[in-house]
Amino acid sequence: MPKSAYIHIPFCKSKCKYCSFVSFVGMKDGYFDALLADINGNYKGENLNTLYFGGGTPSLISAEMISNIVSEFKLADGCEVTLEMNPDDAKLDYLNALKDIGINRISMGSQTFNDDVLKLIGRRHSSKDTIMAVETAKKAGFDNISLDLIYGLPEADIIKDLEIITSLDIRHISTYGLKIEEGSHFYNYPPKNIPDDDMQADMYLEINSLLENKGYYRYEISNFAQKGFESKHNLNYWNNEEYYGFGAAAHGYVDGIRYSNYETLEEYSKNPSGFAAKHRVSPQEKLEEEIFLGFRKEEGINIQKMDIDFDKKYKSVIDKYSPRYIQKTPCGYKLTLEGVLLSNNILSDFI
């Protein structure tokens, strides 16, 4: 039974040069009628533990529209309600309105605090905008604020970025290595001086060391938090729990079936409560997902919840990578920090 829902708002003022996600410049009339029809057609009325507005740029839409969407759901006590926001959208009146609606977590894409690099990658905001946005969100009463950083950007100084971001006293930091994906501007026009994989690996180790010294802990490969401020919504994914996906190009996992919605606005608007694709997850696929997703977490996988003799089935893989890259835990196994750097190779051996 799904206890989480993701809402996709696929609109942006402009497209970032590294972005390969499904998003569209400018708003589309009628999209939100289709979105509400999608929710009404597929949501079965469960009490949700998390609700997440992602994009695109959800902070482009009005607080009134966000309120209309939130009101469609039953939210459990303590429900984490997250809205992704661009720093230049963080106006006090808007944030106050979001707080009144029930949004209680803000996730901002800062990416870097180097203004020249921000321009290079197509971001609209400046480093000063990010700092002011955090201050404004705190003034509006938001305690649970997350910032994204991208490491491996040309000419960016990730350590300087981390020193600035930790000085803002926020609760959660997501760090992602730059990947040039097909469909992005950089795929066709790659920038110069991109750090290679070895350099990015060194950066990742530096990130771990610095953030640990600043009071954050890595609870997932790319995510660091102060204790108690882990993203409940994303943990739902990594725990391989079910969830709804509403909106164009959204994905969901309900009643053992993984599904994806239509990607184009035209197709989605014509059939908002239908699916572009559906797939029932087999027992073997579910096991592989438990391994793949579980090893992303610092706590690792819980083999006690699996209907197999994990130690016997995967003895050769465990022996190959233990103890340097895989470590035994009270309930299963986890990747060491060195293991995280080799995670693609290790997981391919399991799967």
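I started with β7: Ile-145, Leu-147, Leu-149 and Tyr-151 point one way from the strand, Ser-146, Asp-148 and Ile-150 point the other way, and all of them are buried. Buried means under 20% relative accessible area, exposed means over 50%, and partly exposed is in between, using a 1.4 Å probe and protein chains only. I reminded myself that side chains in a regular strand alternate between the two faces of the sheet. β7 spans residues 145-151, and seven of its seven residues are buried, so I noted it as mostly covered.

Some housekeeping before I go on. This is a predicted model, where local features need pLDDT of at least 70 and side-chain atom pairs count only at pLDDT 80 or more, while totals for chains, interfaces and linings use all residues. Residues are numbered from 1 along each chain as its sequence is written, and side-chain values use heavy atoms, with hydrogens and water left out. Helices (H or I, at least four residues) and strands (E, at least two) are DSSP runs, numbered from the N terminus.

**Entry: partners of β7**

Which strands pair with β7? I found β6 (residues 105-111), which pairs with β7 in the parallel sense over five bridges. Pairing here means that DSSP finds at least two bridges between two strands. In this pair, Ile-106 stands opposite Ile-145. I also found β8 (residues 172-177), which runs parallel to β7 and is joined to it by six bridges.

**Entry: a three-stranded sheet**

Next I looked at an open sheet of three strands, in the order β12-β13-β14, with antiparallel pairing. β12 (251-254) and β14 (277-280) are at the edges with a single partner strand each, so one side of each has no neighbour in the sheet. On average, neighbouring strands of this sheet are turned by 15° against each other, direction ignored. For angles like this, axes are lines fitted to C-alpha atoms (for helices, over the stretch in contact), and the angles run from 0 to 180 degrees between N-to-C directions. I counted four bridges between β13 (residues 257-260) and β14, in the antiparallel sense. Ile-257 stands opposite Arg-280 in β14.

**Entry: two helices side by side**

How do α2 and α3 pack? Helix α2 (residues 63-70) and helix α3 (residues 92-101) meet at an angle of about 15°, and their axes are 10 Å apart. That makes α2 roughly parallel to α3; the cut-offs are under 35 degrees for roughly parallel, over 145 for roughly antiparallel, 65 to 115 for roughly perpendicular, and oblique for the rest. From α2, the contact uses Ala-63, Ile-66, Ser-67 and Val-70, and from α3 it uses Tyr-94, Ala-97, Leu-98 and Ile-101. Contact means heavy atoms within 4.5 Å. I sorted these residues into seven nonpolar, one polar and no charged. For that sorting, Ala, Val, Leu, Ile, Met, Phe, Trp, Tyr, Cys and Pro count as nonpolar, Asp, Glu, Lys and Arg as charged, and the others, Gly among them, as polar.

**Entry: two buried residues**

Is Gln-200 buried or exposed? Gln-200 sits in helix α8 (residues 197-213), and at 7% relative accessibility it counts as buried. Leaving aside neighbours within four places in sequence, Gln-200 is in contact with Tyr-151, Gly-152, Gly-177, Leu-178, Lys-179 and Pro-195.

Val-340 lies in helix α14 (residues 337-341) and is also buried, with a relative accessible area of 8%. Leaving aside neighbours within four places in sequence, Val-340 is in contact with Tyr-204, Arg-218, Ile-221 and Leu-335.

The peptide bond from Gly-55 to Gly-56 is cis, with omega near 15°, and Gly-56 lies in the loop between β4 (47-55) and α2. The bond from Ser-322 to Pro-323 is cis as well, with omega near -5°. I placed Pro-323 in the loop between α13 (315-321) and β16 (326-329).

Asp-169 isn't a glycine, yet its phi is positive, near 55°. Asp-169 is in the loop between α6 (158-167) and β8, partly exposed at 43% relative accessibility. Asn-193 has a positive phi too, of about 60°. Asn-193 is in the loop between α7 (185-188) and α8, and is exposed, with a relative accessible area of 56%.
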